[in-house]
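Please look over the sequence and the 3D structure that follow, and then read on for a guided walk through them.

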Amino acid sequence: MSCEGCYEHNFVLQTIIEMARRGRRQCVVEWLDLANAFGSMPHHHIFATLQEFGVPENFLRVIQEVYKGCSTTIRSVEGETAEIPIWSRVKQGCPLSPIIFNLIVEPLLRVISNDADGFNLHGERVSVLAYVDDLVLTADDPENLQRMLDATS
């Protein structure tokens, strides 16, 4: 499994912190953990986002079919419960799930990046680094960070 993205993000974050220390500049960093990120994606939102990204209709129908009629039951000493419908979450163990999750999170990353100044790193603004279901927001001052947090919420 490749981890180059994490190494790159760690390097960028380390460089930002070092630049702030050496240059005696202000650097504000916020770590966000998206609680139950894979389990909190409503199916209708998954389909709508994939459609917005221009996923071909045939492929979208296949994905909808995979998610259609999902349910679970709970087994106990008294027996099994009635089926409980599942209306949200990416499918556990499905090879498409990480790709779908990344596509669903992409609009959020774009909103944060477009609405924020971020931290000036060699002339480039770095505002958000994504680590699967964790986000790191970086800014030059607390006000910019607050704007990013507002955009995130």
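Arg24 is exposed, with a relative accessible area of 77% (exposed means over 50% relative accessible area, buried under 20% and partly exposed in between, using a 1.4 Å probe and protein chains only). This is a predicted model, in which local features need pLDDT of at least 70 and side-chain atom pairs count only at pLDDT 80 or more, while totals for chains, interfaces and linings use all residues. Residues are numbered from 1 along each chain as its sequence is written, and side-chain values use heavy atoms, with hydrogens and water left out.

Arg24 sits in the loop between helix H1 (4–22) and strand E1 (28–33), where helices (H or I, at least four residues) and strands (E, at least two) are DSSP runs numbered from the N terminus. Most residues other than glycine have a negative phi. Arg24, however, has a positive phi near 50 degrees, and His122, also not a glycine, has a positive phi of about 55 degrees. His122 belongs to the loop between strand E6 (119–121) and strand E7 (124–126), and its relative accessibility of 66% makes His122 exposed.

Now turn to the helices. Helix H2 (residues 43–52) and helix H3 (residues 57–67) pack at an angle of about 170 degrees with their axes 10 Å apart, the axes being lines fitted to C-alpha atoms, for helices over the stretch in contact, and the angles running from 0 to 180 degrees between N-to-C directions. H2 is therefore roughly antiparallel to H3 (angles over 145 degrees count as roughly antiparallel). In their contact (heavy atoms within 4.5 Å), His43, Ile46, Phe47, Leu50 and Gln51 of H2 meet Glu57, Leu60, Ile63, Gln64 and Tyr67 of H3. These residues divide into six nonpolar, three polar and one charged, where Ala, Val, Leu, Ile, Met, Phe, Trp, Tyr, Cys and Pro count as nonpolar, Asp, Glu, Lys and Arg as charged, and the others, Gly among them, as polar.

The axes of helix H4 (residues 97–114) and helix H5 (residues 142–152) come within 9 Å and cross at roughly 150 degrees, which means that H4 is roughly antiparallel to H5. Leu108, Val111 and Ile112 of H4 make the contact with Met148, Ala151 and Thr152 of H5, and by class this contact has five nonpolar, one polar and no charged residues.

How many disulfides does the structure hold? There are zero disulfides, a disulfide being a pair of cysteine sulfur atoms within 2.5 Å. The sulfur of Cys70 is too far for a bond, because the closest cysteine sulfur, in Cys94, is 10 Å away. Cys70 is buried, at 16% relative accessible area, whereas Cys27 is partly exposed, at 25%.

Terms used:
Parallel < 35°, antiparallel > 145°, perpendicular 65-115°, else oblique.
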